[in-house]
Structures are given as structure tokens and as C-alpha cells.
Amino acid sequence: MAEQQISLPAKLLNGGIAGLIGVTCVFPIDLAKTRLQNQQNGQRLYSSMSDCLIKTIRSEGYFGMYRGAAVNLTLVTPEKAIKLAANDFFRYQLSKDGQKLTLFKEMLAGCGAGTCQVIVTTPMEMLKIQLQDAGRIAAQKKIQAQLSAQGGAQPAMEAPAAPRPTATQLTRDLLRSQGIAGLYKGLGATLLRDVPFSIVYFPLFANLNQLGRPASGEKSPFYVSFLAGCVAGSAAAVAVNPCDVVKTRLQSLQRGVNEDTYTGFLDCARKILRHEGPAAFLKGAYCRALVIAPLFGIAQVVYFLGIAESLLGLLPGPQL
């Protein structure tokens, strides 16, 4: 039987649809993850994910939980599309000899997918982190001002709230001051997070999904793809969380009072270890698992159901 060719437009569209649905569902948890990872010892505002979300709603309103969502929703379509389509493409190329993919080839395909996606992931994360963390910085400055007023002889007047940055303003400022490199700050840390993530995620998902196939050549039921995506996503997310913590710190342009600054990946990792201990590398790990699990579960359901193929009237691509 002739091999079906991969429909790249359908794969890209599936990845985009999956990303939009997934991000909308889990963005508040992602915001809590960023704020928990950025707070340092002695400057803790939030004790847990739920505490962070409650305080965010109280101080910034319900829509405060979606600060930075517009950037994510705009860029997650190409990001997820590139990630899923690249993995599919590499798996297809590596299986052209008709042999079943070995674990090494599955990992190689995942490595290729993770490398390709950072083209979009790095600037998306750079902008999103500034917007997500702005509320934490503002709250910390307000508390510091109140403490200073209490210790002073005269009550200090409350400073007017600083205008909240927008993605457009941040992009313009970064391009003006640092050029395109400003949007790609933390590129190395992003690679160190996303490439291992994809190496772990895609082979694990493929093998878990394979277990649920009723017969050779048939698709797994949608719930099997969903559960496989959730399990593989959460496992990979926790495995690379230390790199995600370092990446988040490096990409944060604003610092709270008395918080460390960093010159690079190794400097950041050393200071976190010295000042906060090994446990700091797991900050936000459960938040990240709660973000990634449904995000990739939804993504794989959309992807493997072939929603785009139906919309475009195309035949589904090969199931590898």
C-alpha cells in the first residue's frame, strides 16, 4: 500500500488549534508558576499556587490572572505548530526505510522538534514573563513602601502606580535598546529546557499512545491520546523544571527589592543553589506539571483526531 504523505498545512493548523485551546484553559496556572519561580528567599509574597491566584484576583481582578495571555495566544499557534509538525516530520523522515522507529530515533526526532520551536518560544516567553511578573513586582514595591512609611517620622505619600507595560511597548523598547537579540535573551536556557523536554516527551507519548491502539494501523481512542499526552507532558515538565527556573530568572528584566541579578546560565544556577538551596530548582514544578499535562493532552487529542484534516478535506497523515 502506498504511503500517505504528510500534509504540512494540516499539521500546522492542528498544532495551532491545540495551542489556542490549551493555553486558554491553563494560563492562570502558568502565571502562578512564573511568579513562584521568580520570588526569592526573603521576598516571598506567595506560599503556594492557590495563594498566588487568590492574591492576584484580590489585587488585580479576575483578568489579572490572564496578564500576558494575548502574547501567548498570538504566538502559541506557530510555537505549537512548529513543535508538533517538526516532530511529525522528523519521525516520518527517520522511518522512511519502513522499519519501526527505535527509541534513539524517537529521541532524535524530539530533539529536532525542540530545537526548531525555540525560534518562536524564546521571544514569546520573554514577553510573557515580563507581563506575568509585573503584578508581583508592583505588589512587592507597595509592601516595601508601606514598611518604609511605618518606620519614617512622617507618613509617606503613596506613589502613583506605575503604568503596566504592554507587549507592544516591551517589544519596541527591547528592539530599540538591544536589537533582535533583546527578544532572544535566555535562548541558551530555553534550548536547555525545550530540547530535553521534547526528547523525553515525544518518545514517551508515542509509546504510551501505542499501548492503547486496538489494532495495527488504527488510531488510538481520543481518551488514550489525551491521557498519554497528560502523563508524558507532566513527566517531561518536572524533569526539566530546574532549567525552566533558570530560564525564567534570566528572562525577567525587572527585579524585586534585594533580589539577585544574573549574568548567565551558570551564574544564575550557582546563585540559586547558594542562596536558596537545591529545592529552589523545583519551584513551580507542580504548577508546570498542571500546565503541561492538560496542554499537551488537549494538543494530542486535536492533533490525532485530525481536526484540521477534516476542515481542509485532507486525508490524515501517517500514525508513526
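Student: Leaving aside neighbours within four places in sequence, which residues is Ile 292 in contact with?

Tutor: In this predicted model, Ile 292 touches Phe 197, Gly 233, Ser 234, Ala 237 and Gly 297. What makes each of these a contact is that heavy atoms come within 4.5 Å.

Student: What makes the set around Ile 292 a nonpolar core?

Tutor: Membership takes buried residues of the nonpolar kinds, joined through side-chain atoms within 4.5 Å. The largest set of that sort here has 46 residues, and Ile 292 is among those with the most contacts inside it, along with Met 49, Phe 197 and Tyr 201.

Student: Which helices supply at least two residues each of this core?

Tutor: Helix 1 (8-38), helix 2 (49-60), helix 3 (69-94), helix 4 (103-151), helix 5 (167-178), helix 7 (187-211), helix 8 (222-239) and helix 11 (285-305). Helix 11 gives the most, with ten residues. Another core lies apart from this one; it has ten residues, including Val 245, Val 246, Tyr 262 and Phe 281.

Student: On to charges. Why is the pairing of Arg 193 and Glu 125 called a salt bridge?

Tutor: The cut-off is 4 Å between a side-chain nitrogen of Lys or Arg and a carboxyl oxygen of Asp or Glu. Arg 193 and Glu 125 come to 3.5 Å, N to O, so the pair qualifies. Arg 193 sits in helix 7 and Glu 125 in helix 4, so the bridge ties together parts 68 residues apart in sequence.

Student: How do you know whether Arg 193 and Glu 125 are buried or exposed?

Tutor: Buried means under 20% relative accessible area. Arg 193 has 4% and Glu 125 has 7%, so both count as buried.

Student: What other salt bridge does Arg 193 form?

Tutor: One with Asp 194, where the closest N and O atoms are 2.7 Å apart. Asp 194, at 3% relative accessibility, counts as buried.

Student: Which residues are linked with Arg 193 in a network of salt bridges?

Tutor: Asp 30, Lys 33, Glu 125, Lys 128, Asp 194, Asp 244 and Lys 247 are linked with Arg 193 in that network. Across the whole structure, a search finds 16 salt bridges.

Technical notes. Residues are numbered from 1 along each chain as its sequence is written. This is a predicted model: local features need pLDDT of at least 70, side-chain atom pairs count only at pLDDT 80 or more; totals for chains, interfaces and linings use all residues. Side-chain values use heavy atoms; hydrogens and water are left out. Buried means under 20% relative accessible area, exposed over 50%, partly exposed in between (1.4 Å probe, protein chains only). Helices (H or I, at least four residues) and strands (E, at least two) are DSSP runs, numbered from the N terminus.
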